[in-house]
Structures are given as C-alpha cells and as structure tokens.
Amino acid sequence: MKRLVDRLAAERRLPRADMLALLACEDAQTLAHLFARARQAREAVYGKDVYIRGLIEFTNFCKNDCLYCGIRRSNARARRYRLSREEILACAEAGYQMGFRTVVLQGGEDAYFTDERLCAIVRALKAARPDRAVTLSVGERSRESYQALFDAGADRYLLRHETATKAHYERLHPPEMSYERRMACLACLKSIGYQTGCGFMVGSPGQTAEHLLADLEFIARFQPQMVGIGPFIPHRDTPLGAFAAGTVELTLKLLAIIRLLLPNVLLPATTALATLDARGCEKGMLAGANVVMPNLSPAQAREKYALYEGKATAAGETANALSDLRRRMESIGYRVAVACGDHRSSTDGEGILTRKKGEHDPCTTPNP
Ligand code: SF4
C-alpha cells in the first residue's frame, strides 16, 4: 500500500483499482505515510504558511431546495436574514484590520443580490483595499453575471459540484436542478479567469467509493485552483436529516489524496470538519490542507446560516479567535500568513492568477 502512495505522489494519479484500494485502506501506517506525503507536497509549494479567508455569510435566502441544506427554500423554520452593503463592508474592514487579505462572500441564491448590487459591493471592497482578494460563493448564475462580477474585481469563485456522478447529484437535489448546468457553470468560471473552486461532501447519503472515484477523476481533469470538501452533516429540518454524518477519517484521507493529485491546490480544512472534531482544523492541516476560513459574519447572522446542524462557528469560531488559531497552527509547526494567498501555478513560485484580468478566453461552455 505504501508503494501506491509513493506512486500517487510521484505520478499524481493512480489506476482506478489502486485508487479504490487506497480509498478503502484503513491501515494506520499507510495512512500516516499518506498524510506525510501530502504534507511534503503542500510544503514544497506553500511552505508552512496557512492562508486565512474571512468568511461573510451575507444572505441565507435561497431559491433552491437542495435536499441536504438547512437554508433550502422549503425550510420554513430557517430564520432568514440579509446583510446590508454597509454591514458587509464593515465586516470586511474589521477582518482586514485583523490580517485577512481575502474576503469570501457566501450566500444562498438570493434574487435580491442582482448583478448591479453585487458588482457594487465587489467594487467597493476592491476600492477600499486593493490588496485584498475577493472570493464569491453565490451559486449558479449566468455567464454574463459571472463575467460582470469578474470585471467588477472578483478574483475567485467557489462552486461545489457536490458529486461528479449525475445519478447521485439527482438524489441530492430536486428535479429542477441540473448536474449539467452545475458543471457548465464551473467550466464557465474557469474559462472567464477566476481562480475556481469545486468540491463535494464526504459521506453524503447514497455515496459509494465509485462516486468518490468519479469526484477525484473530475478534480484531476478539471484542475481547479481550490477544492472544498467536508463531511456531510445532516440537518434535521431537511429530507436527509435522518442520515448518518460522513466521517472525519475519510475526509482526511481524501484531503491527502487531493493534495497529491494537485500539489498546488488551495485546500481548506473546512468548518464542517471542525464541527465533527474539535481538532479537525489541525488534523486537516496535517493531512495536506493549507487554508482556513474563519467567520467574519455578525454573531446574530452566524447561527442563522445553518447549512447543517451544530456548526462549529456557533461554538466560538469567531474572528476574535484568530489568536487561538495562530497558536493552534504554531503547535503543529505551521504559521498563519497575512497574505492574499493566491493559487500558485506549477510554473511560477510567486502565486499568480492562471489568467490575468482582461486576458479572457471566450467561454466555450454552454451558457449556464
Ligand atoms: S446548498 Fe446552496 S444552493 Fe442549495 S439550498 Fe443550500 S444555499 Fe441554496
């Protein structure tokens, strides 16, 4: 098994049967070797730096009805809120003062945030702090919308694909949502020039090893700049609320495999991981992650942005906990960096965008 890990580290891929064997492996020594190789790959590109992203959950209104999500439109028990432009800018500024050089605007698919409103917010964020990266995570939008937001200054975009298997996607989403559309959105974002992030839930209901293999194959093909994975955590007010959560162990194994597939990827230790394990953040780093996304949202908003239950942020993950995060990272030999933390391409050592703004390729995918 260790030879498989070494082969994955050297060749950045494995035959399907070998990858399935690695996914099934529970041998402690092999896993320790896998994590050590993942750390080695991460440190070769990003050193000991841990990049922090200030997360602002600015709206929990959503037109969609994803079966696993606590803020799905059918959940009448969700207490809805929207932050004003001024509140968003104030959260981002407070974060900047603390050392956050990336802000992530995350929200449901909320029609209130038209291109005009969202572009104005992105422009204001960039005007206030030109050295700050703006990441958006606001779901599926049209190609024109993605382009307008990019032109307004957005640098990165996170859109989880959730699963690269169409039948599984359809099990997790209502009929009006489309696997093809999700994939077309991702291709479009990358084509426009965003540093693009995809990702999936680990242990979602009905997920098999074959599904995970398909996710890894998709990631290897798509070559995203960021990958966000976290364990599935059920929310009782959803149709999937009675299913068991995904596991920390499998999530860590997948983080390490993804690091070896894409050594340069920006890979967060997600809040969901920290929700299931108080040391999830440290364990994620030791499995090859290099990003953390502390919450900058106002306290009253944080508990309402409940995609799943028991979110770690409600138990104290606040921007004020940054010094605690620094201490915890130092305890495992890493350091929180005050840096924009762009993706580093395999051909540069500086951390540059894969395509500079203004140098767009035409979008070759169907209009999402
Ligand atoms: S997962 Fe995202 S798109 Fe789906 S219901 Fe939740 S917020 Fe909306």
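Two conventions apply throughout. Local features need pLDDT of at least 70 in this predicted model, side-chain atom pairs count only at pLDDT 80 or more, and totals for chains, interfaces and linings use all residues. Residues are numbered from 1 along each chain as its sequence is written.

Let me begin with the ligand. Which residues are around the ligand? They are Cys 62, Asn 64, Cys 66, Cys 69, Ile 71, Arg 72, Gly 108, Glu 109 and Gly 139, where a residue is counted if its C-beta atom, placed from the backbone, lies within 6 Å of the molecule. By class, this shell comprises 4 nonpolar, 3 polar and 2 charged residues. Here Ala, Val, Leu, Ile, Met, Phe, Trp, Tyr, Cys and Pro count as nonpolar, Asp, Glu, Lys and Arg as charged, and the others, Gly among them, as polar.

I turn now to the annotations. An unreviewed UniProt entry lists Ser 137 under "binding site"; UniProt positions are in the numbering used here, feature names are shortened, and annotations may be inferred rather than shown by experiment. Ser 137 belongs to strand β4, residues 133-137. Strands (E, at least two residues) and helices (H or I, at least four) are DSSP runs, numbered from the N terminus.

Beyond its neighbours within four places in sequence, Ser 137 contacts Val 104, Leu 105, Gln 106 and Leu 158, a contact being two C-beta atoms, placed from the backbone, within 7 Å.

The unreviewed UniProt entry also gives "binding site" at Glu 162 and Arg 182. These positions are spread over 21 residues of sequence, yet they cluster in space, with a largest C-alpha distance of 9.3 Å. Glu 162 sits in the loop between β5 (156-158) and α7 (166-172), and is buried because it has 21 C-beta neighbours inside 10 Å. Leaving aside residues within four places in sequence, Glu 162 is in contact with Tyr 169, Leu 172, Phe 200 and Met 201.

Arg 182 lies in helix α8, residues 179-192. Arg 182 has 22 C-beta neighbours inside 10 Å and therefore counts as buried. Not counting residues up to four places away in sequence, Arg 182 touches Glu 140 and His 161.

Definitions and conventions: Buried ≥ 20, exposed ≤ 12 C-beta atoms within 10 Å, placed from the backbone.
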